[in-house]
Amino acid sequence: MGTATAVRRPHAEYPELSSAYAAALLAGGGCLRDGPVGRVGLEIEAHCFDLSDLSRRPAWDELTEAVAAVPQLPGGSAITMEPGGAIELSGPPLDGAGAAIAAMQADQAVLRESMRRRGLGLLQVGVDPLRPQARVNPGGRYRAMEAFFAAGGTGAAGAAMMTSTASLQINVDAGPRDGWADRVRLAHALGPTMIAVSASSPMLGGEFTGWQSTRQRIWGQLDTARCGPILGASGVDPASDWARYALKAPVMLVHTPEAEPITEWVPFADWADGRTLLGGRRPTEADLDYHLTTLFPPVRPRRWLEIRYLDALSDDLWPAVVFTLVSLLDDARLSEIAWEATESVATAWDQAARVGLADPRLRASAVRCVQAAAEVAPADVAGSMDRLLRQVTHGRSAADDFADRVVAHGIDSAITGLAHDDRLKGGV
């Protein structure tokens, strides 16, 4: 859990993998770290708009210059840019949700003001509601990803995922080894409920899609071998589940040394066992490490747990969503409530994305989960928790508020207003 980028040696300098079994041992053996819970890291993406021309995506050089001009961030976040030009803040791991929220809020304020001085606004919703998909990041990784998705028949969904989606990611400790299975299962079980709670993306390409979380819909259109849940049939050994998942997933690209797309379906296990050679060679440990970064399940083990299924949210709501999810996972009493609340909707991923809290079972689960967290929320997040609780009690989400604002004022006005103040003020 962290933001530092390690300096990597060339792939050829790493040991070659002898077999798929050896790869599985490496992938599973290091995927979770034994220890206490409590640390929280946050990553928040925001679509970047030219406030004088909302239809234009700022160019890569323009974005690079804008990011370079941002003053030092007080909370320690790193700034990166996504393939479509979205700006991401990645905060360091801190002790508790409260500290992580406060640090991210401080960094957001500095970033937002710096961007505004350049005429750029940041919009925190799950999908770019207006502009067509277009990649501005020239990196070889993203060129290869485009080719991989196109060859697999998911080119449109892959392009939308890379260039039009934005998320709120929550990173939490894996916890004690004897609790890994329950912790990973609960993180998955909470998925549909929290997707419904955080849904903020009812539009894509200037049109309503009929989905509350169009972001989740897009992810659902990609192959489940790379983007589906990692749990096995029993879910009793998440490390083995992850190793199995990783070796079955197809290789997306290989470094030769440039990133070259793999346009045929080649499971990593076939490469590791030598049944197929990619780039004229067998994989190294570095190839395995990189392969793991191209897998996008809703809960990903990276020694800690990455919770990846939430839409990006406005500044008045995301702190409450963070506090709710972290509390439900880290507080043993609240975890029991979460298990019971989510029992009937633990696998309702598509239903949550499509109709959200209009589904009475998802609404009931959301009310119970958010209410439980609100009862233990500190004063710093009380206002955000109150708003979130009001929303879910009324069966509404940020998607409803955004849709109302578009209908009432038009999409340009909705985007400009939210990019200026990043609050949704309608609805409840």
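**Close-up views of a predicted model**

**View 1. Contacts and surroundings of Asp 223.** Leaving aside residues up to four places away in sequence, Asp 223 touches Phe 148, Gly 228 and Trp 265, as computed from a model that is predicted. Asp 223 itself sits in the loop that runs between α8 (214–220) and α9 (224–227).

**View 2. Asp 223 and Arg 226.** Although Asp 223 is buried, it has no salt bridge, and the nearest side chain of opposite charge, that of Arg 226, is 4.5 Å away; a salt bridge would require a side-chain nitrogen of Lys or Arg within 4 Å of a carboxyl oxygen.

**View 3. Val 370 in helix α16.** Val 370 belongs to helix α16, which covers residues 360–374, and it counts as buried because its relative accessibility is 0%. With residues up to four places away in sequence not counted, Val 370 touches Thr 324, Met 385, Leu 388, Leu 389 and Val 392. Ser 413 stands 43 residues from Val 370 along the chain, and the C-alpha atoms of the two are separated by 31 Å.

**View 4. The chain around these sites.** The chain has 19 helices and twelve strands. Its radius of gyration is 21 Å, close to the 22 Å that the globule rule gives for 428 residues, so the chain is as compact as a globular protein of that length. Of the 428 residues, 57% count as buried, and among contacts between residues at least 6 apart in sequence, 75% join residues at least 24 apart.

Key. Residues are numbered from 1 along each chain as its sequence is written. This is a predicted model: local features need pLDDT of at least 70, side-chain atom pairs count only at pLDDT 80 or more; totals for chains, interfaces and linings use all residues. Side-chain values use heavy atoms; hydrogens and water are left out. Helices (H or I, at least four residues) and strands (E, at least two) are DSSP runs, numbered from the N terminus. Buried means under 20% relative accessible area, exposed over 50%, partly exposed in between (1.4 Å probe, protein chains only). Lys and Arg count as positive and Asp and Glu as negative; His and the chain ends are not counted. Contact means heavy atoms within 4.5 Å. The radius of gyration is taken over C-alpha atoms; the globule rule is 2.2 Å times the number of residues to the power 0.38.
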